[in-house]
Amino acid sequence: VALPSKSDLVSEGEYFLKVLIPSYAAGSIIGKGGQTIVQLQKETGATIKLSKSKDFYPGTTERVCLIQGTVEALNGVHNFIAEKVREMPQSAQKPEPVSILQPQTTVNPDRVKQAKLIVPNSTAGLIIGKGGATVKAVMEQSGAWVQLSQKPEGINLQERVVTISGEPEQNRKAVEIIVQKIQEDPQSSSCLNISYSNVSGPVANSNPTGSPYANTGEAGLTGMGAFPAAMSSLSGNDLLAITSALNTLASYGYNTNTLGLGLNPAAASGVLAAVAASANPAAAAALADGAKDVVEIAVPENLVGAILGKGGKTLVEYQELTGARIQISKKGEFIPGTRNRKVTITGSPAATQAAQYLISQRITYEQGVRATNPQKVG
């Protein structure tokens, strides 16, 4: 049986754009009884689909929006969304006391300056260009800062998140250029899901890495790119189970911040195991497994403080929360040829994964805070 070709499904000149929408902005985009979104579709001629109210992109409190329409329609809808994202309510801005799980539980106040798009790997390649030349040009033409999430080594991960930061007009220009790239990519409509609840394996990190380009090969192990390169050794399922466990807890109203306080490691991994079991039996088995893993990761010298916390408090919390043992190489002891300190994590496979996950979240968050004042790449 011949499958319908793409052209049968999409009328000529129509494309797809996937956008992340922070939950605080969803209401004003949808409108009372869905009036605003209906009106928006009428005015632009686009079709707009939004993931359900608690169906967030993994590791975030953002909903996924799929827009289908002409190039003008995609840009028009995105301009409207961007306007609503900029109207962050005061309540969403007040971060809770800084905690290890910050990225999940609060909205980074810089979010108002960002646009986040999800594009297939094929389109991401066109946006980056040879040696990063295209993404550099996009930044120069628009004035916005454009970063792509690292490309994990997962066959089933077909997408990357593009984070654009700047003033409204700069972001608008950058999005327009990216929509052009979507138009140039014959495979641009290869990932049309809006729900990620049943996606197994790694998904694109919603936080941009410190590096604006995807690093290639070993060179990626220096500087800011070190982290994601080290993270790629994780088994996607376990990482996903831990993420979804924490997200599930958060969505049930548990304050995931308190997980590490006053819970002994067994109880903490017990809580994680219980939630993970419902999300992913394989990961639950890994949590119960007695095997010991040793994981070594590279952390840039200037970010070690973020993992240690005041008087080592954060590090102690991580160890309590995950049940893993975390050691950081002494001051001045770097991984040969780099300015990165070595962090050694020992514990059951699940414990080391959880610890790696928390450390990466912490680092990504820290980089996000610092990236608000980025040195432009030259």
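This dialogue goes through how to read several features of the structure shown above.

Student: What should I know before I start?

Tutor: This is a predicted model, in which local features need pLDDT of at least 70 and side-chain atom pairs count only at pLDDT 80 or more, while totals for chains, interfaces and linings use all residues. Residues are numbered from 1 along each chain as its sequence is written, and side-chain values use heavy atoms, with hydrogens and water left out.

Student: How many helices and strands are there in the chain?

Tutor: Both are DSSP runs numbered from the N terminus: helices are H or I with at least four residues, strands E with at least two. The chain has 16 helices and 9 strands.

Student: How much of the chain is buried?

Tutor: Buried means under 20% relative accessible area, exposed over 50%, and partly exposed in between, with a 1.4 Å probe and protein chains only. Of the 378 residues, 51% count as buried. Accessible areas come from the Shrake-Rupley method with a 1.4 Å probe, and for residues only the protein chains shown count as cover. The chain exposes about 17300 Å², with 55% of that supplied by carbon and sulfur atoms.

Student: At what angle do helix 2 and helix 3 pack?

Tutor: Axes are lines fitted to C-alpha atoms, for helices over the stretch in contact, and angles between N-to-C directions run from 0 to 180 degrees. Angles under 35 degrees count as roughly parallel, over 145 as roughly antiparallel, 65 to 115 as roughly perpendicular and the rest as oblique. Helix 2 (residues 23–30) packs against helix 3 at about 65°, with the axes 5 Å apart. That makes the two roughly perpendicular. In this pair, Ser 28, Ile 29 and Ile 30 of helix 2 are in contact (heavy atoms within 4.5 Å) with Gln 35, Thr 36 and Ile 37 of helix 3.

Student: Which residues of helix 2 are buried?

Tutor: Tyr 24, Ala 25, Ala 26 and Ile 29 are buried there. An α-helix has 3.6 residues a turn, so residues three or four places apart point the same way. Just after helix 2, Gly 31 takes a positive phi of about 80°.

Student: How do helix 3 and helix 4 pack?

Tutor: Helix 3 (residues 35–44) and helix 4 (residues 71–85) form an angle of about 150°, and their axes are 10 Å apart. They are therefore roughly antiparallel. Thr 36, Leu 40 and Thr 44 of helix 3 make the contact with Ala 73, Val 77 and Phe 80 of helix 4. For residue types, Ala, Val, Leu, Ile, Met, Phe, Trp, Tyr, Cys and Pro count as nonpolar, Asp, Glu, Lys and Arg as charged, and the others, Gly among them, as polar. This contact has 4 nonpolar, 2 polar and no charged residues.

Student: Which residues meet between helix 8 and helix 9?

Tutor: Thr 134, Val 138, Gln 141 and Ser 142 in helix 8 meet Gln 170, Lys 173, Ala 174, Ile 177 and Lys 181 in helix 9. That contact divides into 3 nonpolar, 4 polar and 2 charged residues.

Student: Is Gln 150 buried or exposed?

Tutor: Gln 150 is buried, with a relative accessible area of 14%. Gln 150 is in the loop between strand 5 (145–148) and strand 6 (159–165). Gln 150 and Ala 204 are 54 residues apart in sequence, and their C-alpha atoms are 7.3 Å apart.

Student: Is Lys 52 buried or exposed?

Tutor: Lys 52 counts as exposed, at 65% relative accessibility. Lys 52 is in the loop between strand 2 (47–50) and strand 3 (62–69).
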